[in-house]
Amino acid sequence: GYLFMEGENILSFTVTDGYIYYVKKDNGSLAIYRTKISTNDTVKVSDTDSTLLAVSEDYLFYLYKGTLFGLTKEEEKAHAFFAGKVTEFVLLSETLLILEEDTLYAVNINGRGIEKIAEGIESLAEIPLADLISYGAERQDDR
């Protein structure tokens with residue numbers, strides 16, 4: 001291990017494919033940055049209002065104003081992946097479980113279909129982790 005950034009107010013981070021993506025306070029608001037590990041080259045990716053980040057092989061997912069955005073390393077501008085009032089999400093392999101208000105949805109990261117799973121959910125923390133993982137595995141088997 002090594003010291004990545006001393007004195008920075010990093011609130012969350014994730015690492016993938018030679019990059020570190022992280023959320024930090026930037027002039028009183030939150031922003032996402034990407035740093036290439038081998039060169040320390042850093043770029044601001046987006047503003048955000050959440051510390052939730054998830055990465056797949058192809059995408060970085062994050063929330064901003066209730067919309068779940070997706071961004072590839074090649075893109076300079078993110079696209080809305082799931083618009084609405086998203087409060088939480090989790091990435092399980094190639095499936096995003098998205099909590100919008102009190103409804104839980106499953107969406108394949110390639111955009112093939114949205115499935116409503118449950119209603120009346122206040123937080124993903126209510127759902128046992130084993131159930132989330134098994135559901136993500138079942139969706140992969142269905143492909």
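This report describes the fold, surface and charged side chains of a predicted model.

Residues are numbered from 1 along each chain as its sequence is written, and side-chain values use heavy atoms, with hydrogens and water left out. Because the model is predicted, local features need pLDDT of at least 70 and side-chain atom pairs count only at pLDDT 80 or more, whereas totals for chains, interfaces and linings use all residues.

Of the 143 residues, 43% count as buried (under 20% relative accessible area; exposed is over 50% and partly exposed in between, with a 1.4 Å probe and protein chains only). The accessible surface, from the Shrake-Rupley method with a 1.4 Å probe, comes to about 8200 Å², of which 47% belongs to carbon and sulfur atoms.

Three salt bridges are found in the whole structure, each defined as a side-chain nitrogen of Lys or Arg within 4 Å of a carboxyl oxygen of Asp or Glu.

| Salt bridge | Closest N and O atoms |
|---|---|
| Asp47 and Lys44 | 2.9 Å |
| Lys85 and Glu101 | 3.6 Å |
| Lys116 and Glu119 | 3.2 Å |

Lys85 is exposed at 53% relative accessible area, while Glu101 is partly exposed at 48%.
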